[in-house]
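Welcome! Let us take a walk through this structure together, one region at a time.

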Amino acid sequence: MTRILIAEDEALLAAEIREELLRQWPEGQIVGMARDGHEALRLVEQLAPEVCFLDVQMPGLSGLEVAQLIGRRAHVVFITAHERYAVQAFDEGAVGYLLKPLDPVRMAKTLLRLKERLTLPPADLAGLTARTTSAATVEPLRWITVQRGRELQLITVEDVAYFRADHKYVAVVTADSEALISVPLKELVARLDGEHFWQVHRSTIVNAKAIKSVSRSLSGKLSIALKDRPETLEVSPAYAHRFKQL
């Protein structure tokens with residue numbers, strides 16, 4: 001059986017890929033599931049998979065960085081939300097790529113190519129171009145996976161009104177719900193599209209499209225009113241420059 005490693009930090013998508021692989025490739029053996037690049041590299045060392053499905057954008061090390069470090073030890077299929085990054089990596093020798101959200105038809109085509117390549121040595125991806133690697137590191141986050149009871153729910157970032165640090169967790173607040181995730185706020189800042197998501201406080205990132213108005217108190221403090229939420233958000237002096245016209 002062909003040993004397979006899946007490295008994907010979005011739990012719901014990772015489960016979908018696993019289920020689809022089991023359905024379409026029953027002779028494949030999934031030997032490991034990694035949630036970040038460092039864990040993926042460790043599992044490659046421990047489990048010696050023959051095929052690695054690597055998310056281009058993961059915490060720690062990106063999928064491209066992991067592929068560079070793997071070298072010729074495994075065939076690589078990339079997982080990404082942006083086709084142009086995967087195409088560049090494909091040109092460098094990757095077996096294929098899966099686009100988010102998962103498409104079973106593309107999975108089938110990728111597996112067909114993969115099975116043909118298994119008789120050949122894996123491509124050496126240590127030479128992935130710096131341009132490809134740097135492009136992947138700025139790939140914006142498109143959705144958030146949250147736990148609700150026994151279910152995992154996918155929330156698109158466009159539906160998020162704001163993120164709020166809450167002790168060891170971060171609250172993901174939409175127009176009609178709130179859930180906690182364990183991703184640090186600092187990491188979210190790096191992965192969100194800065195044109196649409198603004199940090200307005202050390203503990204708050206707001207979706208600019210969710211802002212109804214910004215007001216200034218007599219003491220000079222700024223606060224944000226939201227379109228679909230009753231609470232207001234405080235703007236700290238360090239981030240007041242975004243609203244300097246007020």
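Predicted model: local features only at pLDDT ≥ 70, side-chain atom pairs only at ≥ 80, totals over all residues.

The volume of the second largest pocket is about 190 Å³.

You can find Pro-140 in the loop between helix H6 (130-137) and S6. Is Pro-140 buried, partly exposed or exposed? With a relative accessible area of 26%, Pro-140 counts as partly exposed, because that class runs between 20% and 50%. If you set aside the neighbours within four places in sequence, Pro-140 is in contact with His-82, Arg-191 and Asp-193. Now look towards Leu-188: 48 residues separate Leu-188 from Pro-140 along the chain, while their C-alpha atoms are 9.7 Å apart.

Rolling a probe the size of a water molecule over the atoms shows where empty space is left. How many cavities of 30 Å³ or more does a search of the whole structure find? The search finds 1. The largest cavity holds about 90 Å³ of space. Its lining consists of 10 residues, and those nearest its centre are Glu-10, Lys-100, Pro-140, Leu-141 and Arg-142. By class, the lining of the largest cavity is split into 4 nonpolar, 1 polar and 5 charged residues.

Next comes the largest pocket, with a volume of about 420 Å³. It is lined by 20 residues, and the closest to its centre are Asp-9, Arg-35, Thr-145, Ser-182 and Val-183. Which elements give two or more residues to this lining? They are strand S6 (143-148), strand S10 (178-181) and helix H7 (185-191). S6 provides the largest share of the lining, with 5 residues. In terms of class, the lining of the largest pocket contains 12 nonpolar, 3 polar and 5 charged residues.

From the pockets we can move on to a sheet. Strands of a sheet pair through backbone hydrogen bonds, either parallel or antiparallel. Here, an open sheet of 3 strands runs in the order S13-S14-S15, and its pairing is antiparallel. Strand S13 (211-216) and strand S15 (232-235) are at the edges, and each has a single partner strand, so one side of each is left without a neighbour in the sheet. On average, and with direction ignored, neighbouring strands in this sheet are turned by 25° against each other. Strand S14 (residues 222-226) pairs with S15 in the antiparallel sense over 4 bridges. For a close look at this pairing, find Ile-224, whose bridge partner in S15 is Leu-233.

Finally, step back to view the whole chain. Its secondary structure comes to 7 helices and 15 strands. The protein chain has 246 residues, and buried residues make up 48% of them. Among contacts between residues at least 6 apart in sequence, 55% join residues at least 24 apart.

Terms used
Residues numbered from 1 in each chain as written. Heavy atoms only, no water. 1 Å grid on protein atoms, 1.4 Å probe; cavity = no way out; pocket = protein on both sides within 12 Å on 5 of 7 lines; lining within 4 Å. Points joined across faces, edges and corners; volume = space filled by probe spheres on them. Nonpolar A, V, L, I, M, F, W, Y, C, P; charged D, E, K, R; others polar. Buried < 20%, exposed > 50% of the residue type's maximum accessible area, 1.4 Å probe, protein only. Contact = heavy atoms within 4.5 Å. Pairing = 2+ DSSP bridges. Axes fitted to C-alpha atoms, helices over the stretch in contact; angles between N-to-C directions.
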